[in-house]
Amino acid sequence: MPGFGEQLERLEAIVRKLEAEDLDLDEALKLFEEGVERLRAAREQLTQAESKVKKALKGEGSGR
Amino acid sequence: MGAPLDLFAAASAEGAWTVSEVTRRARTVIEAGLPPLWVRGEVTGFKAWRSGHWYFSLRDKTAQIRCAMFRDDNRRLPGPPPEGTEVFAFARPSVYEAKGEFSLTVKELLSTEQGGLWKLAFEKAKAALQKDGLLDPARKRRLPPFPLRIAVVTSPDGAALRDIEAVITRRWPLAELILVAAKVQGEGAEASVCAALQVLGKGTLDVDVAIVGRGGGSAEDLWTFNSERVARAVAAVPCPVISAVGHETDVTLCDLVADLRAPTPSAAAEAATPDRVDVLAHVEHLAERLARGLSQRAQRTVDRLDRTGDRLTGAMQFRVEQSRALLTAHGARLDALSPLKILARGYAVARDEHGRVLKQVKQLPAGREFTLRVTDGEVDARVR
């Protein structure tokens, strides 16, 4: 799973590009498709139900 | 103190006491006569034994007393008193019979400086950390905005872990919590917390941010987080560290070295994570902008096509009109040159039976028949 932060940054970059630059329609469509895919992934991550607690390898000297 | 002492009253029949008898008697007398009291003096000749017991003397300008402070009592102190420190000692006067030595059994030790020994040890450690640049504000790292792996150094069954877990589950369940178990109070806590921090220090757990903390507790228990060793171990962790030692009023060394100090473990978890409701709203906003961005981009294409169409039509119209004008002009010239036009002006054309034009007199001998073309038709004619 790519970092959520990178995902969001890329999405923001796509939106800015689409808004500001005069791209080929073809290129714009490609960016849009990528944006939609990243949106889907971000939404999915955000609506995930529960966090997981994992125990790290028992650190030496840990515990009681 | 009771009745005046008469040390010789109980002399044995032989007129001499054994050494043990004297020391025992002295001890009894002293313990009965001098109840536990606060003594003020300067620490000298300090020695900590392997057993954990401390031995030193308290002195002033003219006298000194041997002192012992046993492990169970000195364990709660931040550290040994530096040589020469002036202290208040709460002690029980006694006689150490094996050496016949008058001594104090110290139960409690405070520096006469404000804050006592704690403060003293704290300031000393703080100065050492400062010297190594570990308290430099420029060292503070920014917390990652969207952490996916959060390490928690705390007790596996303490309130701190439960609180942190609850906050993360509510705010940012994308994150995985990685518990690095440590004993956070009592004997061995310092070593345990250091070991856990060293596990983090290896960097192999690949976490974005770490929370070091515990729930509430007494100020004495706080000492673990005032240990210079713990502070240095915090500084060595490769990711940003939030200290959540659970004490509102006392700032610990761990707090000072950490990248952020949170008053409670819950607050630390809040500081470590964004609220997914906010992030989701931001994502939806981006979704709208994405859709609008594309439709605007498409609209620009449609507009351009329209404009191109207009230009094409315009160009065509111009061409057509140009051609029409040309045609009219040509038509006019053609018209002017037309023989019919000349005939209309009253001229006539004579042609022989083969249609050849007869232009000269010699072509028209007498009796010659020919056709004469005038403006509205032809007539047959003959030369007389």
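Q: Which residues lie nearest the centre of the second largest pocket?

A: First the general idea: on a 1 Å grid over the protein atoms alone, a pocket is an open set of points where a 1.4 Å probe fits, with protein on both sides within 12 Å along at least five of seven lines, and lining residues have an atom within 4 Å of a point. Here, Tyr55(B), Ala68(B), Tyr96(B), Glu101(B) and Ser103(B) lie nearest the centre, out of 18 lining residues. The elements giving two or more residues to that lining are α1 (19-33), β3 (64-69), β4 (86-96) and β5 (101-111) of chain B. Helices (H or I, at least four residues) and strands (E, at least two) are DSSP runs, numbered from the N terminus. A word on the ground rules: this is a predicted model, where local features need pLDDT of at least 70 and side-chain atom pairs count only at pLDDT 80 or more, while totals for chains, interfaces and linings use all residues. Residues are numbered from 1 along each chain as written, chains are lettered from A and ligands numbered from 1 in the order written, and side-chain values use heavy atoms, leaving out hydrogens and water.

Q: What volume does the second largest pocket have?

A: A volume is the space filled by probe spheres set on the grid points, which are joined across faces, edges and corners. For this pocket that comes to about 400 Å³.

Q: And what lines the largest pocket?

A: That one holds about 640 Å³ and has 26 lining residues, with Arg75(B), Arg76(B), Leu77(B), Glu190(B) and Trp223(B) nearest its centre. α5(B) gives the largest share, three residues. Domain bounds come from an automatic or database assignment, and domain 1 (19-112) and domain 2 (147-274) of chain B each supply at least three lining residues.

Q: How do I read the barrel strand order β1-β2-β3-β5-β4?

A: Strands of a sheet pair through backbone hydrogen bonds, either parallel or antiparallel. Two strands count as paired if DSSP finds at least two bridges between them. In chain B, the five strands in that order make a closed barrel with mixed pairing. On average, neighbouring strands are turned by 50° against each other, direction ignored; axes are lines fitted to C-alpha atoms, for helices over the stretch in contact, and angles run from 0 to 180 degrees between N-to-C directions. β1(B), residues 37-48, pairs with β4(B) in the antiparallel sense over six bridges, and Trp38(B) sits opposite Phe90(B).

Q: Why is one side of β11 and of β13 left without a neighbour in the sheet?

A: In chain B, β11-β12-β13 is an open, antiparallel sheet. β11 (349-351) and β13 (377-382) stand at its edges, each with a single partner strand, so one side of each lacks a neighbour in the sheet. β12(B), residues 369-374, meets β13(B) over six antiparallel bridges, with Leu372(B) opposite Val379(B).
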